[in-house]
Amino acid sequence: MPGRRVVITGMEVLAPGGVGTKNFWSLLSEGRTATRGITFFDPAPFRSRVAAEIDFDPYAHGLSPHEVRRMDRAAQLAVVAARGALADSGLETAALEPHRTGVTVGSAVGATMGLDEEYRVVSDGGRLDLVDHAYAVPHLYNHLVPSSFAAEVAWAVGAEGPSTVVSTGCTSGIDALGYALELVREGSVDVMVAGASDAPISPITMACFDAIKATTPRHDDPEHASRPFDGTRNGFVLGEGSAFFVLEEWESARRRGAHVYAELAGYATRSNAYHMTGLRPDGAEMAEAIRLALDEARLAPEAIDYVNAHGSGTKQNDRHETAAFKKSLGAHAYATPVSSIKSMVGHSLGAIGSIEIAASALAMEHHTVPPTANLTTPDPECDLDYVPLHAREQRTDAVLSVGSGFGGFQSAMVLARPERSPA
Amino acid sequence: MSAPAVITGIGVAAPNGLGLRDYWAATLGGKSGIARLTHFDPSGYPAQLAGEVPGFVAEDHLPSRLIPQTDRMTRMALAAADWALADAGITPAELPSFDMGVVTASSSGGFEFGQGELRKLWSQGSQFVSAYQSFAWFYAVNSGQISIRNGMKGPSGVVVSDQAGGLDALAQARRQIRRGTPLIVTGAVDASLCPWGWVAQLSGGRMSTSAEAARAYLPFDREARGYVPGEGGAILIMEDAEAARARGARVHGRILGYGATFDPRPGSGRPPALLRAARTALADAGVDAADIDVVFADAAGEPAADRAEAEALTALFGIRGVPVTAPKTMTGRLYSGAAPLDVTAALLALRDQVIPPTVHVEPCPEYGLDLVLAQPRPAKLRTALVLARGHGGFNSALVVCGPE
């Protein structure tokens with residue numbers, strides 16, 4: 001079905017600093033940060049002891065004891081966000097045509113928390129090589145294969161169309177929406193409940209990022225630890241969260257009078273084929289993804305009002321990304337505001353791509369660009385307008401959101417108003 | 001639909017044969033790779049049989065620097081990708097890097113690697129965890145490593161839908177070809193035959209605890225008692241048909257149609273959705289049920305799931321209306337690797353005009369299936385349907401045909 005255009009008609013965000021889209025936007029628009037010393041476990045043995053944790057009570061969000069027991073925290077976040085997105089869209093579960101509704105869940109590391117906890121038990125604290133099945137919980141299989149997340153969301157919203165998890169490391173949250181977008185465009189479904197979720201704040205994740213010094217050791221000042229594009233940045237702050245969306249074909253959304261946040265107008269992903277964790281400084285592959293996404297949206301670089309950056313706060317990422325923006329947007333890279341919300345909500349691996357697309361849609365909704373918090377020391381290698389410290393009110397009709405991840409994945413999504421005149 | 005997708009290369013790592021030739025010879029010969037586990041001592045566990053890939057020595061196939069940073073499933077996937085590219089006659093360095101992508105499926109990632117690092121974490125301390133843990137275990141690792149090894153910068157991806165994901169990856173590869181990328185490396189290789197993976201798989205409660213290799217995994221049999229897991233899978237080279245023709249490539253077969261559905265929530269009383277996935281795939285392929293010459297079944301090996309699949313097949317084809325086979329009775333269930341291996345078997349069946357057998361099974365007559373048993377069955381074959389289901393309710397179906 002050529003020409004089918006896909007819009008966001010519902011969303012829900014569960015991010016550090018406050019559950020719910022409204023709280024999320026308050027945090028961003030006020031430039032507050034939600035990073036803090038780790039409370040989930042004793043962080044003393046770790047190099048990095050800072051994280052962006054959510055104060056989340058699954059029971060308060062209507063999950064039953066059985067659901068809580070069988071789901072990893074990331075699955076719980078996904079189900080709550082998916083239900084919230086559906087409610088926000090004005091579509092009732094009963095009104096959905098199950099066969100024409102699908103689910104895509106992005107997640108980089110699946111049930112990491114559950115696996116870490118359960119391994120500790122079945123191995124008796126790492127003592128047993130032949131781990132003891134008698135101590136395994138019956139739902140451990142759901143942690144082994146994280147497609148269980150897609151199953152839980154499909155059950156929660158009553159979807160019986162194509163459902164899957166998309167797992168491309170830290171671009172999962174963009175790629176999941178790219179995947180869902182294509183299913184609506186090709187006509188396999190009419191509605192997708194799509195988003196991403198990760199809850200990686202566990203000892204094994206902290207340890208593996210410690211080992212490559214990817215996370216910041218700035219634990220003496222956790223509120224200011226995430227410093228994308230700042231000259232003193234020294235690693236990212238691990239986060240957690242989930243954002244979900246209801247995606248619909250634009251015509252049918254219009255017919256039912258739905259509120260349209262934005263069109264997912266262009267998407268592309270490319271790989272650097274270089275290194276599992278390293279980036280070439282020239283940003284050529286991210287630039288290619290951006291160019292392709294703009295082409296698909298039929299927008300010139302000059303039409304982009306705001307760039308929602310990956311901006312993880314590692315030395316190499318922020319340099320790589322700055323180069324990619326210059327390469328793809330040309331002179332407009334210097335003219336358009338660029339910011340990283342990871343400065344406020346941390347880096348929730350695969351989830352953050354969806355959370356950042358939510359921030360991009362909200363920037364359009366409120367005509368306000370969220371800031372890069374903690375950006376106080378300029379870095380000569382990062383010389384764009386990163387919207388330091390304070391949000392900026394401005395006309396915002398088209399946004400570019402990008403991600404970069406382990407495995408070499410580079411992804412770009414362009415959001416625009418569907419009624420725009422094509423370039 | 002424009003830009004039909006063809007398969008031009010296949011690389012196999014299967015429990016009953018390493019490499020395409022060995023796998024197919026074993027499969028036609030009814031040789032099973034299911035045996036007592038050797039990767040670790042299974043004596044203390046209720047299930048002790050698995051399909052292990054024989055004779056895979058990673059150092060023979062990969063540079064030594066890749067060994068410490070990869071799980072077994074990634075090593076097998078990298079080798080299988082090399083074999084698939086060679087089979088397709090492709091030298092990646094000679095092609096534009098953005099014209100090649102990698103879309104794989106995964107189920108459990110590099111679980112054995114993760115087990116080793118979790119053990120270090122909890123027994124020695126966090127500072128002993130490997131720098132490679134940040135990527136060696138995660139679900140995206142095979143796509144990432146294959147793209148790096150072969151310089152592939154085009155669109156890549158990873159899907160996780162348990163066993164159905166093996167077909168979902170092929171469908172996503174076909175989408176990328178339709179969107180303009182001429183070549184996608186696709187398929188899947190999975191492995192989690194380590195104690196930690198074993199315990200996690202056991203927790204599902206669907207594994208066979210039989211100690212007898214020939215009686216443990218008996219799909220569609222009255223004695224069905226669960227499945228035997230395995231490791232391995234297949235990596236396929238998918239190309240735009242026109243691009244493959246232009247370079248004079250030998251074509252194994254074509255991807256004609258695909259469908260995916262999800263089962264209703266348990267207890268909803270609504271019908272299961274495998275039949276709808278198959279019908280969607282047939283419609284996408286533009287063929288009727290009568291055009292399907294053979295079905296490669298999902299073959300869960302649990303009575304309720306076998307019955308559901310048999311009901312879907314008889315609804316679509318009638319009682320004993322089409323030959324059905326499950327060569328995975330010789331490999332065990334390979335999670336996301338299973339369906340790409342079944343697609344491989346289907347393409348070779350179409351080539352050789354012979355249906356590989358389902359071994360050890362005495363079919364339950366109530367199911368009404370024409371199962372191809374014990375011996376390969378010569379047949380006139382033009383089109384095959386491959387089915388795959390994943391735990392929780394994932395259903396996928398793919399229709400393939402020969403090169404013409």
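## Contact between the two domains

In this predicted model, 60 residues of domain 1 of chain A are in contact with 56 residues of domain 2 of chain A. Domain 1 covers residues 6-255, and domain 2 covers residues 266-416. The C-alpha centres of domain 1 and domain 2 of chain A are 21 Å apart.

## The domain 1 side

Both helices and strands supply two or more residues to the side of domain 1 of chain A that touches domain 2. The helices are helix 1 (21-30) and helix 7 (172-186) of chain A. The strands are strand 1 (6-15), strand 4 (50-52), strand 7 (191-198), strand 8 (238-239) and strand 9 (241-249) of chain A.

Which element gives the most to this side of domain 1 of chain A? Helix 7 of chain A does, with 8 residues. By residue type, the side of domain 1 that touches domain 2 divides into 28 nonpolar, 25 polar and 7 charged residues.

## The chain as a whole

Chain A holds 14 helices and 16 strands. Its radius of gyration is 20 Å, close to the 22 Å that the globule rule gives for 423 residues, so chain A is as compact as a globular protein of that length. Along the principal axes, the C-alpha atoms of chain A fill a box of roughly 65 × 55 × 40 Å.

## Burial and contacts in sequence

Of the 423 residues in chain A, 65% are buried. Among contacts in chain A between residues at least 6 apart in sequence, those joining residues at least 24 apart account for 81%.

Note on methods. Residues numbered from 1 in each chain as written. Chains lettered and ligands numbered in written order. Predicted model: local features only at pLDDT ≥ 70, side-chain atom pairs only at ≥ 80, totals over all residues. Domains from an automatic or database assignment. Contact = placed C-beta atoms within 7 Å. Helix = DSSP H or I, 4+ residues; strand = E, 2+ residues; numbered from the N terminus. Nonpolar A, V, L, I, M, F, W, Y, C, P; charged D, E, K, R; others polar. Rg over C-alpha atoms; globule rule 2.2 N^0.38 Å. Buried ≥ 20, exposed ≤ 12 C-beta atoms within 10 Å, placed from the backbone.
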